[in-house]
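Please examine the sequence and the structure shown below.

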Amino acid sequence: MKKFNKVIGLSLVMAMLAGTVTACGSSSDNAGQNTQTDSTNDGADVSSDGTAVWKIGGIGPLTGGNAIYGQAAMNGAQIAIDEINAAGGINGYQIVFNPQDDETDNDKSINAYNTLKDWGMQILMGSVTSGCCTAVSDYAVEDNLFLLTPSASSVTSITYDNAFRVCFSDPNQGVGAADYIADNGLATKVAVIYDNSDVYSTGIYDKFAAEAAAKGLEIVSAESFNADNKTDFSVQLAAAKDAGADLVFLPIYYSEASLILAQAASMEYAPTFFGCDGMDGILTMENFDTSLAEGVILLTPFAADATDDLTVKFVSTYQDKFGETPNQFAADGYDAIYIIKAALEKSGATPDMSVSDICEAMKTAMLEITVDGLTGTGITWSADGEPSKAPRAVEIVDGVYKAIQ
Amino acid sequence: MRFLSSLINGVSLGSVYAIIALGYTMVYGIAKMLNFAHGDVIMVGAYITFIVMNNAGLPVWLAIILSVIVCTALGIIVEKMAYKPLRNAASPLAVLITAIGVSYLLQNLALLIFGPNTKQFTSVVNFSSIKLFDGKVIIQDETVVNIVLCIIIMICLTLFVNKTKAGQAMLAVSEDKGAAQLMGINVNGTIALTFAIGSGLAAIAGVLMCSAYPTLTPYTGSMPGIKAFVAAVLGGIGSIPGAFLGGILLGVIEILGKTYISTQLGDAIVFSMLIIVLLVKPTGILGKNIQEKV
């Protein structure tokens, strides 16, 4: 009996080994090639019926406190892709889009990047948030993969020459905010409440403070909070109130902003609140009382109620498809795809080129194109990846955004 | 004036800590165990209330009762499955580490079930706030409700522990499990009852905390839970009035520290309090130093 068991055991082991050796044949090739930058595997990107396609990956927060941004960016990108595919694709090739969730977490963003690489991604639209984009860009540069972020605004997010961005950067936002407040005479005494554990928030605040000093705005109170302490803002608001600030600058995200608005209302402090693109999405928070956001001004280059043809068409398509009004992140995602299209058409690249060759071609093309998009007209790029276009502001009136000139 | 409103904000924050600390202290006093998952039971209580109120549209009092029932059941289940098997473990650390594990389990289960999107909690407290000094100092209605409820719960708990049979059984179990069992007390049942009461309190704490600070995510209970633990230690762990005192004191220290020292150092100040208390008076302000005579 023992000898019989031994024979069975041995034969099972042999069968298992045989199985792993044969099944593993193709995957072990991939495992080896994932670490090389000039692998031959990613040149053959084909759809299920064998024709070559463009594989564009997307990384952003599809769940979590910033889900509104990630979902909007992917939705906007999807609309653009559907339009382009219907019109014949880019250089005659169709686009396949693969959005991945990073929950605004750096590690998860890197995991998403690797998942997309395994899928055969050639161009990355992402990451949506600054911290994650900075983390992913370290990997994208090693693979020489073209990266276009729709909305990551930190300077560190596109330090390498393969990375570009659609939105304006934090320095521009901080400078733009200070300029806007000073030039439009919105206030003389300004308070700031920022998140000192977040690169987005501190980046904007630093430049805002510098520009405010240059423009003669007095910052009477600058208080911070951090990621572990973002529910109670009584101290920060009391400091702003006691210093007599008539405008409070909030370079933070909408979840915390909603709490600040509620707490300010209950302490009967009613300054003008001024935010940046992180404030966008505050009106679509579940169960949020939008009357608290009345009069809030935020910097955003996209206003859904603008009357130009492109915006009107985009807004109605988005509403039909997703049942809500798009925010600026959706517009950023839409523009990102059209920018990728413009660069690919300018460079004449095709999907059977390697990831690295596509990237090189696009890097040159980006400096030569001018794009008219939802988020700006005549957008051009410089070698550091920054777009040049001007920031505009909207005000929340009656629970909706209203463009102000 | 600034000092007065900071003081009141501190009491407001402290009242939330106090209610959470009551649960911590009760479980430690009776079962001699630090239930680090307490903060997350609070989060579960808040979620149940939110779902019942918003999605099912049921009235507030029904939502709270349901939430207390669910949390009590959760507390008993967790005790039976995770803590009871380790009661006689070689190291008392085993139960502590299990508690941390349960904490993560609850957070991630909530993430799976309720999703990570931030929910806006509608406050269940709807009185008008008290205004003093011509509106310069405002006391929130939630603060008043928190403090009043905290005192009521404190009195009820003290009466329960000292006057009822089940409460006396709890005291006996906390002093000497073996002797209590010899006297015919159902030790398992008593400890289960302790966790049940603690978790029921957690549900109420969750509703009150989210009424004061309306954002709700699976991670909402974690930091307040840790700070309430510091508060319980500060006031004397195992002492019920100590939890109340510790909670209020810690809230005041945190807000005053943030106002007058630095907003960035708020947490550092809170946790240095823990270190100072443990160095100077480890049993806390109202704690008793029990010497074992051999």
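What percentage of the 405 residues of chain A count as buried? The share is 53%, where a buried residue has 20 or more other C-beta atoms within 10 Å of its own, with C-beta atoms placed from the backbone. This is a predicted model, in which local features need pLDDT of at least 70 and side-chain atom pairs count only at pLDDT 80 or more, while totals for chains, interfaces and linings use all residues. Residues are numbered from 1 along each chain as its sequence is written, and chains are lettered from A and ligands numbered from 1 in the order in which they are written.

Chain A has 11 helices and 15 strands; these are DSSP runs numbered from the N terminus, with at least four residues (H or I) for a helix and at least two (E) for a strand.

Three strands of chain A make an open, antiparallel sheet in the order E11-E12-E13. Strands count as paired if DSSP finds at least two bridges between them. Strands E11 (371-373) and E13 (387-388) of chain A are at the edges; each has a single partner strand, so one side of each lacks a neighbour in the sheet. E11(A) is joined to E12 (residues 376-381) of chain A by two bridges, and Gly373(A) lies opposite Gly376(A) in E12(A).

In all, 28 residues of chain A are in contact with 29 residues of chain B, contact meaning C-beta atoms, placed from the backbone, within 7 Å. The elements below each supply at least two residues of that side of chain A.

| Element of chain A | Residues |
|---|---|
| Strand E7 | 218-225 |
| Helix H7 | 234-242 |
| Helix H8 | 254-266 |

H7(A) gives the largest share, five residues.

Conventions. Buried ≥ 20, exposed ≤ 12 C-beta atoms within 10 Å, placed from the backbone. Contact = placed C-beta atoms within 7 Å.
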